[in-house]
Amino acid sequence: MEAYLVAMLVFAGLYALMALGLNVIWGLAGMVNLGLVGFVGLGAYASALLTTKLFWPMPLGWAAGAVVAAAAGAGMALIVARLRGDYLAIVTLGFAEVIRLVASNEIWLTNGTDGISGIPGPWRGDVSPQGFNLIYLGIVWAAVAVAFILLARLSHSPFGRVLRAIREDEDVAAVAGKPVLWFKVRAFTIGAAVLGAAGALYAHYNAYIAPEGFAPLLTIYIVLALTAGGVGAMRGAIIGALFVMLLLEGTRFLSGAIPGVSPVQKAALREGAIALSLILLLRFRPQGLIPETTRTKASP
Amino acid sequence: MEDWRDLVQVLLNGVMAGSVLMLPAIGFNCIFAVLRYPNFAIAGFATIGAFAGWVANAVYGWPIGLALPLAFLASGAVALLAEEAAFRPLRAAGPLTVAIASVAMTILLENVIRFGFGNDLRGYDLPILRDWRFDGIRVNPQQLQNTGYAIVAAAALFLLLGFSRLGRAMRAVADNPVLADIKGVDPNRIARVAVFIGGGLAGFGGMLIGIDTSIDPLTGFRVVLSVFAAAVVGGLGSIPGAALGAMVVGVGEEMAGVVLQPAYRSVTAFLAILLVLMFRPQGLLGGRN
Amino acid sequence: QTQPLVFGALPPLTGAGGPYGPAMLRAAQGVVEAANSAGGVKGRQIRLAFEDDQTNPDAGVRGARKLIDVDRVQALMGTWASSVTTAVAPLCWENRVPLFTVSGADSITLLPHQGHIFRTQPNSRLQITTGSNWLIAKGAKRVFHIAAQSPFAQSSQEVMTERFSAAGGSVVGFIIYESNKTAFRSEVDQIMRARPDTVVLNGYRPDVTILLRELFRAGYDGRRFTFAYAAPPAIFESLPNEVTNGLTTFQPSPDLNSTAFNRLKASFGSTDVDPYSAQVHDHASLAILAAAKAAEATGTGIRDAVRSICQGDGTKVDNVTDGLKLIAAGQAVNFEGASGPCEFDERGDIRGTKFRYDVAEGGRYRMLELA
Amino acid sequence: MLEVEGLVGGYGAADEILKGIDLALPARRMAAIVGPNGAGKSTLLKAIAGLLKPKAGGIRLEGRALGGLPPRSIAAAGIAFVPQEANIFPSLSVRENLEMGGYLEPRATVAQRVEALFARFPMLAEKRRRAARTLSGGQRQILAMGMALMVAPKLLLLDEPSAGLSPKAAQGLFDDIAAIHAEGTAILMVEQNALEALAIAEDGIVLVDGRVARTGQAAALAADPEVRRLFLGG
Amino acid sequence: MAPILEIRGLSRRFGGVVALDGLDLAVRPGTVTALIGPNGAGKSTAFQCISGVIRPDSGQVRLDGRDITGWRPDRITGAGLVRSFQIARGIPRLTVLENLLLYGPAQPGEGVAAAILRPAAMRAREEALRERAKAVAARLNLTRVLDNQAAALSGGQKKLMEIGRALMAEPRLLLLDEPVAGVNPSLSAEIASHIASLRDEGMTVLIVEHHMDFIASLCDPVIVMAEGRRLTEGSFAEVAADPRVQEAYMGGRVHA
Ligand SMILES: Nc1ncnc2c1ncn2[C@@H]1O[C@H](COP(=O)(O)OP(=O)(O)OP(=O)(O)O)[C@@H](O)[C@H]1O
Ligand SMILES: Nc1ncnc2c1ncn2[C@@H]1O[C@H](COP(=O)(O)OP(=O)(O)OP(=O)(O)O)[C@@H](O)[C@H]1O
Ligand SMILES: [Mg+2]
Ligand SMILES: [Mg+2]
């Protein structure tokens, strides 16, 4: 049981990291990014390939994962500069699909749908499986803590203020003297870097990645986590990720207790319950668990 | 491409593929046009429609011509229920929150169907017709008929929105619901009409997809990306735009074999979308907002 | 010794594998029930815990974690998607839990699994080689290979090209398609242009259903050849007979008069047995018999005992009831399952399987031959 | 005809913007409300028009309680309202905007009134097919007013109708308002162009900080040096 | 003296509508210049083109003799020209204070590194901007609503915030589009005197307004536009006496 709880906390941490990355792009700068799994995938593949094929040390691989995703994020921000809202959503969705299809088809590089296995983990094999779990738990939540502190600072700084302004009215932000594109590029880059780092950490925890792992389902979970937690608030991203993980895993035990239904019906009930809980949460807390608040008060 | 016929055939295939996406895309844009949020639950509504029609046709032996209207009514009713119970209270929180809730709704509906029907693939009780051939180019009469249905529905809705009092009220509510209320329109009633029509069209389209392929709980989910893409490329909220966008996406996907490889079907469609949006950020027929 | 012995199943109940998983799980549950009514393993009842892998490696890993860490299963069975199997495999060997799988990707048994993986599905190379040889024997000269993007699409193509050119035929076309789509018209046009005498449909149920329909519409009248899992008997519910007539399928198979298979068929009642359920039936049987045979019913014990109950000169048994009785009596057994004789090589791959070939006629399959 | 009694109301958490408003407007009468920015003038009109649920107090039209009714019912009861902001449908054409103004009227009447308005405001006729979002600030204001004129209300609520109009257009507007009033429509009008407004209104109401500070005859208020200094700018 | 802002032949059409039709005008430094004209004359469109929010079809905009036509808005703001919007466009979910701070220039905290490291320079600048914002708010009667979200302001308060934001940017040339429409007359008189004192401190202001008393008391010269072109220019008294202006704009009644 403990091993399971630890493992789920590791996953929750990875989800929290992804939600934080998404929050910079979407929550702060208002750029709808439904392709986050693409950036996660880029980070995961970059680190996995560099550590397994070129034998880079792991920390370098993780950093490379973040950098590759960040570069893609910068490129994306430049390409979609003119697009807003839902139009941006489809382009980012498409981007994630492209990443997944390239990973599936360019076998020479990515090993195709077979995926990459044997990705090293820190001290994996040297310590007990549970020891490894605990080490990774520390690493992941340390990463979450660092990302949280840095991003919360960003969010409450003048930089964050400009991003919020851009989110709501680009023209006004431009007239206020802010180079809108440059701000967007930076926000997208930072967010994508966090997503890429999350992907890299993910790869080295599971030891295996495959294109199917970066299907839209993961995007849906993270987006739901962020919305449940509260878009815009960095704390919300973390709370939301924990909440979604609790739902995903908690429903397992609940659905196990229902008598008289077939396994498929149980599976259907479980997924249905996850969806329903999120709908209910939004219904009664439309701003999420932690609504965005402004920190800049006239009289501090 | 050895022959001009091959190119014509690919275009024609694209139109066929597009016409399957067309009705759900129109339904999507119909809801967007009034409520201004992307309703991804359209995927769930499509599946509901497909199954309602299947029950009528394969279980109770109704002809397709009767089962289709039933699919429309059933999914329209479910859409209405989803709107009233789940989405309406969220509208104040902004379109993105509603959009996210609609994703959850799709998962919920998918699993409601799964609970009732399991994962098996099912087909309608309908003979499959051979293609007609014209000078080496093949067209399938059933698919042609589906295209016909889609175009008629699009045209009817376009006329309704463009020229009737109801259509004007719908657009007014989309623009400024509070002012519409001041002028005597019940914005909720208008919203309900739009959601019913939009959800109904999605279900109708879902059943056409089922007729063309077969159905399972993922029927709607499989096409939702393409449907959303069609709506966006055509211009969000534009009815003729959705029809046109569906064609662009359909042709884009069928071009995969020509441009890249069939394994990159989605990629070619995506490149087509990107290309369109580069030049028209508001979609082909979308107005500015 | 009153604690029940726990096994875990991780089939796809939702997602792309949804059409297969439920029957797979049912097959395993049937075996467990039979074993329990036979008194269980050394007096211990057996519990089958299961989780839905959602046909997604991320969800699969979380499900496997729960089964291994919370339910403390002694064996895992019924993983379907190759990506899920590869993702949960490291967890299995780290925690010393043997993994029985139906995934076909060649690479799976090449992992450093220390004997923990047992695969009842002949690997894709073997399957496609056998299928190609059969087609060659039946006079196929111009084949078209259309495959869903999967871990064995590419290797299948290599095998087919090699086989057919060696026999003087050729693979006149090869397409890898995206399976999650609803239309494949242009792909079918490409097939028609190549004028093949045989089309090999290397995909899964939803996409193969659409392809068959589209081939019919286009007026293709050559041979259509596919895996039995892509067109199980249930396909007759989603396609009219005009379309399916003449479709040839093949699958690894037990002897024709395999009682195990027939019994499974009887227990499934109205629904038909597909190759995956037959295999998972055998997963559960192998795990139970191995647990009974092992000194200690732990993962390691089971891993080490599997080969001793399914190969060798023991008494042939085809069900757990008889097997448990014989083992309790101290006799050697050789289990032959619903999917075949169940003999594993040192990598954990199934060996010496026979294949059966069926042709669809008027809404049912008629067996052509078993070879 | 219109009676407001002890009205308290506001927005969400700020629910006491209006701190107890009493006023009465007899039939066929016109009153001008003036006061500083943020005093609660628009809030008062919104409450009457049904956009806010009053926290306390009552609003009655010809003895019928309006509190709590939705805006559309209040419109149907004979009150037309031109809000201060967001008072047009941006993506509808000018013509469609006018038609929406007459949503509750019979078809024939609508067509007739649209033509009448086109005759009165040639600018609207000229731009009839254009989306309202393309209008200039002043043109929007005229369109908003035109929409209210599509019905023949018992009571007309106007929130700063002259804001953004050129002097000439403002003058025309006040002439129009006076004419509508002369035909028998009661009018409650908020105006920062206070001297003009008080010049055509019969009653004046000074609203400060959610309370009625002064009421009286419009001309008397306009002449009151204290009122002039504080609210009328000289 | 050389004009600080010079516009030559500025044209812009929207579909069939000619909004600007070869507009020429010049603003001399140190003046409060008025731009008046009938509704739909093209005044706001001129502001849109000058501030870079939309591109003109042809013509030139020069700031201090430098051609700034087609520059992005933020660059134009950086060059010292700031405009307000006619239909107030507050950032709805930022508070009034944040809206004001947003316009504050030279905040090093808008860089990523500084935002994270929070150097003293950033904190000091933030403090200075905050003081300025409070002072500006006090001038505009907005102190009470500083912590309100911009969406929760009255119509007039939004317009006041619009002026306040533009002032926060400390521009050399300030373009105000109907700053006092909907503003209480007493307050608009105060605003006029504030603008006058800004002018005395060296700021140049170009104002579009329809309030004649406001213009008469504050602006010199007055430029009159009609149908996308400059009609005439002069002191308020001069243009008010022009029969063409009276006919097209004043409608015969003038409060001065
Ligand atoms: N986006 C647009 N599309 C079409 N026409 C437009 C657009 N913007 C402005 N116009 C038209 O251009 C003309 C000039 O508009 P502008 O807003 O510049 O006028 P203005 O002088 O500011 O008037 P006001 O004093 O009423 O604010 C008007 O006739 C207007 O309808
Ligand atoms: N949506 C809102 N939420 C919260 N407070 C609001 C909201 N709208 C206005 N207020 C506040 O209510 C008070 C009264 O606003 P109201 O709009 O009634 O003023 P007004 O008298 O019409 O002013 P103006 O002349 O500027 O239009 C103001 O202090 C304003 O800040
Ligand atoms: Mg007001
Ligand atoms: Mg203007």
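A residue is taken to surround a molecule, that is, to be near it, if one of its heavy atoms lies within 4 Å of that molecule. The structure is a predicted model, in which local features need pLDDT of at least 70 and side-chain atom pairs count only at pLDDT 80 or more, while totals for chains, interfaces and linings use all residues. Residues are numbered from 1 along each chain as its sequence is written, chains are lettered from A and ligands numbered from 1 in the order in which they are written, and side-chain values use heavy atoms, with hydrogens and water left out.

Because residues from chains D and E surround ligand 1, its site is shared between chains. The shell comprises 20 residues, of which the closest are D:Ser136, D:Gly138, E:Lys43, E:Ser44 and E:Thr45. Oxygen atoms of ligand 1 lie 2.7 Å from a backbone N or O atom of D:Gly138, 2.7 Å from a side-chain N or O atom of E:Ser44 and 2.5 Å from a side-chain N or O atom of E:Thr45. Taken alone, ligand 1 exposes 630 Å², and the protein buries 88% of that (Shrake-Rupley method, 1.4 Å probe).

The magnesium ion (ligand 3) is coordinated by D:Ser42 through OG and by D:Gln84 through OE1, at 1.9 to 2.1 Å; donors are N, O and S atoms within 2.8 Å of the metal (3.2 Å for Na, K and Ca), and sites may look incomplete since water is not among the atoms. Both D:Ser42 and D:Gln84 are buried, meaning under 20% relative accessible area (1.4 Å probe, protein chains only).

Note on methods. Buried means under 20% relative accessible area, exposed over 50%, partly exposed in between (1.4 Å probe, protein chains only). A polar contact is a pair of N or O atoms within 3.5 Å; within protein, one must be able to donate a hydrogen and the other to accept it, and residues adjacent in sequence count only if both atoms are side-chain atoms.
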